[in-house]
Amino acid sequence: MGTRGGPLAPRLIAAQLTIGCGARMRTETPRLVLHPVGPEHAADLFLVHSDPDVAYWSDAWSPEQAAAAAAEMARQWQADRVGKWIAHRRSDGALVGRGGLSLAMVDGKRHLELGWALLRTARRQGFATEIGRAGLDYAFGVLGHNEVVSFTDVHNRASRAVMERLGMTLVKIIYERGLIEGRDGIHAAASFALYRLRREDAAPPPAAEAR
């Protein structure tokens, strides 16, 4: 979404609880339970990417594609200690979406990239911002990275608004294969907005709650 006033101060909300060991840790935020994606989450990924709002931006996935993606995300967690989460509501266990970090080539360089995709029923409730803040906490507080980037189609105003709420700053417009507003099909040089947050610009998260 376009800017409506200045971005909110980059105050991170630390994960309240982390359970487990190694790369496959469960994280809880105020309203969500975030599980590192593994093969057991293939059905959830299929549901997320079957949602019309998600499929518009990233195409619908077949069950086989969802299973392959889940296996690859599990491999990334094991190899890099970083990857996407599947998100469920703490209150009732309902599926919300997926999101988090990945190591990816962005604008010709390898970056720690933050993203999210929510079911239509979970939108406009602040869940993407909550997932994003947990991702930033993990990037800076656990992994010790100095910078996180995020990017989306220039006309994806909802995702851009989340990036700005997280305190991220628009760096530049980059061109990748993707959608162009008002035109059908996929285009070789669609415009994407690239945002960035550096560690020194983010407020340190409070200590995680011990249980």
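**Stop one: a charged trio**

Select R26, which is partly exposed, with a relative accessible area of 26%; here buried means under 20% relative accessible area, exposed over 50% and partly exposed in between, using a 1.4 Å probe and protein chains only. A word on what you are viewing: this is a predicted model, where local features need pLDDT of at least 70 and side-chain atom pairs count only at pLDDT 80 or more, while totals for chains, interfaces and linings use all residues. Residues are numbered from 1 along each chain as its sequence is written, and side-chain values use heavy atoms, with hydrogens and water left out.

The term stands for a side-chain nitrogen of Lys or Arg within 4 Å of a carboxyl oxygen of Asp or Glu. E28 is buried, at 7% relative accessibility.

Next, bring in R90, which forms a salt bridge with E28, the closest N and O atoms being 3.2 Å apart. R90 is partly exposed at 32%.

**Stop two: a further pair**

Move on to R89 and D92, whose side chains form a salt bridge with an N to O distance of 2.6 Å. R89 is partly exposed at 25% relative accessibility, and D92 is partly exposed at 49%. Then select R26, E28 and R90 together: salt bridges with shared partners join them into one network.

**Before you leave**
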